[in-house]
Amino acid sequence: MNVLRPSLLVLALAAAFPAMAQSNEELLKELQALKARIGQLEAKLGATPAPAAPATQPQWGMTPEQAAEFNRIAAKTEAIQDNLQDKGFMGLKISGYIEPTYVWNQRQNRAGFQFLNQQSDGYAYDTSYFGAASIDFLKETDSGTIWHLTLAPNRGVGAAIDGASIVQEASVSVALTDQNTRFIAGQIPDWSGYEYQQPTLNPLTSHNLLYDFTLPVGYTGAGLDLKDGKWWVRTAIANLNAPVHQAGDKSAVWALRLDYAKGEYDGWGFASVVGKTPNFNTGTNTMSFIAEADGYFTRGDLTLQGQLAYGQQKEGAITPAADGSWRDSRWFGASGLVGFMFTPRLQGLVRADYIYNRKNGGGLFGYNGYSGADENGDLAYGNDGRNGLGPDLSGDLDKGANRYAVTIGGKYAVDTATTVKLEYRLDGADRPVFEDVRNGTFKKTNNMIATSVVVAF
């Protein structure tokens with residue numbers, strides 16, 4: 001309750017009615033007495049405690065029936081939480097996707113749906129990782145340890161490594177000094193480049209040339225995951241593209257990934273691998289070095305992404321020397337993507353890729369072993385006619401094909417869980433290296449159309 005302070009009011013009344021009988025001295029005494037009395041009343045009011053609410057009336061105004069219902073719901077909620085905790089479901093997240101795909105390939109003379117097809121015919125740019133189904137389990141404990149298992153039959157990292165495993169990722173991340181300093185171990189997909197393997201994150205159906213032909217598949221090993229402000233560093237000592245080494249194989253690689261989030265809209269990354277990696281020319285592991293830098297800019301409707309790559313492998317070239325000894329392979333390349341959101345649901349996309357791969361008949365990371373001795377011990381030269389890698393077998397065998405690809409497409413979000421993608425892709429080379437399976441001839445270009453539906457949860 002507010003108390004009226006009358007001092008100014010009384011003065012105003014006195015000024016308004018000068019005919020009153022009091023003298024100025026009498027009026028001043030009365031005002032002082034009135035002011036003192038008001039001060040006493042204010043002090044007394046401040047010392048009086050507020051009345052307490054009735055004990056039988058809930059402060060929030062619930063009826064006895066509502067209070068009983070509230071107590072029942074609270075008890076049931078606590079029981080559910082206890083049950084989740086006892087069964088290990090607290091901190092568990094389950095997600096997944098499927099991606100039925102339709103592909104038309106001109107030189108391979110085929111068109112049709114592809115979904116969960118095996119990697120028995122090898123990894124190619126017209127199969128890659130699309131046409132997959134995956135389920136992901138992510139569990140974080142109270143201590144901050146993260147357990148991660150992703151299963152992807154036929155089209156995942158495991159299938160690309162050994163042709164049979166359904167394990168895409170199986171890793172643990174254990175906090176050390178704090179949540180930003182972690183020990184990591186297990187089977188971890190490669191972290192290079194601006195494109196992601198998952199179709200929920202890759203805007204197009206196919207992948208760029210650098211992703212398909214110049215990067216590792218995955219690592220089996222242990223390392224560190226470090227975060228500090230805008231910086232993120234991941235590094236590991238691991239087997240490359242191998243869950244286990246065979247007898248006599250003691251090689252390992254050092255893998256590194258560095259990311260920097262420059263601001264709200266842009267950032268860059270760097271990845272490298274140094275060590276002995278599989279060589280299909282020699283049947284052993286030989287020394288390799290690969291490095292790539294990538295960056296992004298996303299603001300409003302516009303998305304820009306790019307990547308530069310360099311690599312080399314000892315004795316990894318497709319064409320051997322005249323004496324039959326294997327020579328080194330070397331390559332460098334670039335890829336860039338532009339995306340624009342025409343509407344909140346529809347994005348248009350253009351991607352361009354190039355790989356310079358001329359040295360010693362060509363040869364990329366994991367793409368060699370096409371040439372060798374025939375049954376008579378004579379040199380038999382070959383190339384990868386499906387992916388367009390290696391020399392023109394009727395031309396200069398010492399020069400590999402320089403490859404390019406241009407992809408135009410788009411994606412449309414039907415709803416928050418469903419996305420439809422469509423793309424046209426032109427692959428080309430500076431020499432005829434794409435085999436036309438209908439007649440066995442080789443061409444400089446190949447055309448492909450791909451469309452897919454990604455449904456995720």
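The following dialogue explains how several features of this predicted model receive their names.

Modeller: The model is predicted, so local features need pLDDT of at least 70 and side-chain atom pairs count only at pLDDT 80 or more, while totals for chains, interfaces and linings use all residues. Residues are numbered from 1 along each chain as its sequence is written, and side-chain values use heavy atoms, with hydrogens and water left out.

Colleague: What makes β10 and β11 a pair of strands?

Modeller: Strands are DSSP runs of E with at least two residues, helices are runs of H or I with at least four, and both are numbered from the N terminus. Two strands pair if DSSP finds at least two bridges between them. Between β10 (residues 253-260) and β11 (residues 266-279) there are 8 bridges, and the strands run antiparallel. Tyr260 stands opposite Trp268 in β11. The two strands form a hairpin with 5 residues between them.

Colleague: How do you know that β11 also pairs with β12?

Modeller: The count here is 14 bridges, again with antiparallel strands, and β12 covers residues 284-299. Pro278 has Asn285 in β12 as its bridge partner. This hairpin has 4 residues between the strands, and Gly283 takes a positive phi near 75 degrees in it.

Colleague: Why is the pair of Trp191 and Tyr219 called tilted?

Modeller: A pair of aromatic rings is described by the distance of the centres and the angle of the planes. Rings of Phe, Tyr and Trp (its six-membered ring) pair if their centres lie within 6.5 Å; planes under 30 degrees apart count as stacked, over 60 as edge-to-face and the rest as tilted. The whole structure holds 11 aromatic pairs. In the pair of Trp191 and Tyr219 the centres are 5.4 Å apart and the planes stand at 35 degrees, so the pair is tilted. It links distant parts of the chain, 28 residues apart: Trp191 lies in the loop between β7 (181-189) and α5 (209-213), and Tyr219 in strand β8 (residues 218-228).

Colleague: Why are Trp191 and Tyr219 called buried?

Modeller: Buried means under 20% relative accessible area, exposed over 50%, and partly exposed in between (1.4 Å probe, protein chains only). Trp191 has 9%, so Trp191 is buried. Tyr219 has 2% and therefore counts as buried.

Colleague: What makes Phe289 and Tyr310 a tilted pair?

Modeller: Their centres are 6.4 Å apart and their planes 50 degrees apart, which is the tilted arrangement. Phe289 is in strand β12 and Tyr310 in strand β13 (residues 302-313), 21 residues apart. With 31% relative accessibility, Phe289 counts as partly exposed; Tyr310, at 29%, is also partly exposed.

Colleague: How do you know that the charged ends of Lys227 and Arg234 sit over the ring of Trp232?

Modeller: A charge sits over a ring if NZ of Lys or CZ of Arg is within 6 Å of the ring centre and within 35 degrees of the ring normal. The charged end of Lys227 sits over the ring at 4.7 Å from its centre, and that of Arg234 at 3.8 Å.

Colleague: Which strands each supply at least two residues of the lining of the largest cavity?

Modeller: On a 1 Å grid over the protein atoms alone, a cavity is a set of points where a 1.4 Å probe fits but cannot get out, and lining residues have an atom within 4 Å of a point. The largest cavity has 13 lining residues, with Thr214, Leu215, Ile290, Ala291 and Glu292 nearest its centre. The strands in question are β11, β12 and β13.

Technical notes. On a 1 Å grid over the protein atoms alone, a cavity is a set of points where a 1.4 Å probe fits but cannot get out, and a pocket is an open set with protein on both sides within 12 Å along at least five of seven lines; lining residues have an atom within 4 Å of a point.
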